[in-house]
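Keep the viewer open as you read.

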Amino acid sequence: MPKIDEEIKKIKVFSKNLRANILEMAFAAGSNSSHFGGALSIVEIISTLFSYQMKIDKKNPEWSERDRFILSKGHACLAYYAALSEVGYLRKDDLKTFEKDGSILSGHPVKNIKYGIEFSTGSLGIGLSIGIGLALAAKRKRKNNKIYVIVGDGECNEGSIWESALSAPNLRLDNLFVIIDKNDFQQTGSTKEIMNTSSLAKKWESFDWNVSEVDGHNIEDLIKYFSKNILAEKPNLLIANTIKGKGFSFAESNNSWHHAVLTKAMYEKAKEELNNSNDY
């Protein structure tokens with residue numbers, strides 16, 4: 001238990017740093033705005049992956065034996081860039097260029113392995129297809145690399161997601177881990193209103209995936225999930241129940257912050273809340 005407690009503390013610090021980085025990038029973007037809410041909902045997930053679970057080399061983002069990470073819901077890239085900065089692939093000064101002309105940090109990830117950005121994503125539904133290709137290639141090359149893909153629950157409206165859901169079990173891709181960020185919102189409203197994705201667990205289980213469900217902000221639950229024995233020859237699906245805009249009171253479960261401009265007043269309020277938070 002002491003070791004788990006140490007890991008939880010480390011991931012909490014990582015998560016706090018991610019929220020601070022996200023806040024700075026969103027404010028720096030100015031009138032270009034940012035996808036604020038959907039980045040905040042995946043903070044604990046991406047922190048657990050980058051600071052605990054994934055096999056990476058912090059000095060070499062191109063290490064051939066690394067695990068692969070794909071942010072299929074590419075609009076949440078603020079969290080991705082923040083994590084890349086925390087592991088040392090990006091400088092803090094790089095983060096300040098988010099959405100600026102000539103920056104390597106666009107509003108959706110653009111492939112740049114030198115900085116740890118594995119693939120260009122943002123056309124929803126595509127990232128999981130890429131993940132299947134990577135997982136299959138690793139299997140055929142007898143590599144031990146694991147493939148981690150984050151998709152959105154709104155993204156599950158895409159037909160390509162369900163083509164992937166059908167193909168991965170047939171290919172026995174037990175090296176593939178898909179995490180659904182289930183924050184119950186998408187760009188123009190709630191998932192329930194637009195295209196109800198209820199019973200996600202039953203749907204994915206019917207496609208023969210190894211399915212689990214956790215609180216996506218509970219670091220201990222995330223650690224336990226990634227530490228447990230995984231069923232052989234089945235791809236893995238984790239439904240992470242999250243809160244869009246998690247961490248800042250004005251943004252939580254407020255879909256106005258799907259893509260919005262962060263004002264100076266909101267920025268200062270968010271900084272105060274983060275500094276005073278008991279979560280870290």
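A search of the whole structure turns up 1 cavity of 30 Å³ or more. A cavity here is a set of points on a 1 Å grid over the protein atoms alone where a 1.4 Å probe fits but cannot get out, and lining residues have an atom within 4 Å of a point. The largest cavity holds about 90 Å³ of space, a volume being the space filled by probe spheres set on the points, with grid points joined across faces, edges and corners.

This is a predicted model, where local features need pLDDT of at least 70 and side-chain atom pairs count only at pLDDT 80 or more, while totals for chains, interfaces and linings use all residues. Residues are numbered from 1 along each chain as its sequence is written, and side-chain values use heavy atoms, with hydrogens and water left out.

Which residues line the largest cavity? They are F50, M54, I56, P61, R66, D67, F69, Y80, L84, Y89, G116 and E118. By class, this lining divides into 8 nonpolar, 1 polar and 3 charged residues; Ala, Val, Leu, Ile, Met, Phe, Trp, Tyr, Cys and Pro count as nonpolar, Asp, Glu, Lys and Arg as charged, and the others, Gly among them, as polar.

## The open pockets

A pocket is an open set of points with protein on both sides within 12 Å along at least five of seven lines. The largest pocket has a volume of about 320 Å³. Its lining comprises 22 residues, and H75, L124, Q186, Q187 and H258 lie nearest its centre. Here the classes are 2 nonpolar, 14 polar and 6 charged.

The second largest pocket has a volume of about 180 Å³. S64, E65, R68, L134, A137, A138, K141, K143, N145 and I147 form its lining, with 4 nonpolar, 2 polar and 4 charged residues. Helix 6 gives the most to this lining, with 3 residues; helices (H or I, at least four residues) and strands (E, at least two) are DSSP runs numbered from the N terminus.

An open sheet of 5 strands runs in the order 1-2-3-7-6 with parallel pairing, where two strands pair if DSSP finds at least two bridges between them. Strand 1 (68-71) and strand 6 (210-215) are the edge strands, each pairing on one side only.

Strand 6 and strand 7 (residues 236-241) pair in the parallel sense over 6 bridges. Helix 10 (residues 219-227) packs on the sheet and touches strand 2 (147-152), strand 3 (176-182), strand 6 and strand 7, contact meaning heavy atoms within 4.5 Å. The direction of helix 10 makes about 160° with that of strand 6; axes are lines fitted to C-alpha atoms, for helices over the stretch in contact, and angles run from 0 to 180 degrees between N-to-C directions.

## Residues worth a click

Leaving out residues up to four places away in sequence, N175 touches A135, A138, K139, N145, K146 and I147.

R142 has a phi near 60°, a positive value in a residue other than glycine. R142 lies in the loop between helix 6 (126-140) and strand 2 and is exposed, at 76% relative accessible area.

Conventions: Buried < 20%, exposed > 50% of the residue type's maximum accessible area, 1.4 Å probe, protein only.
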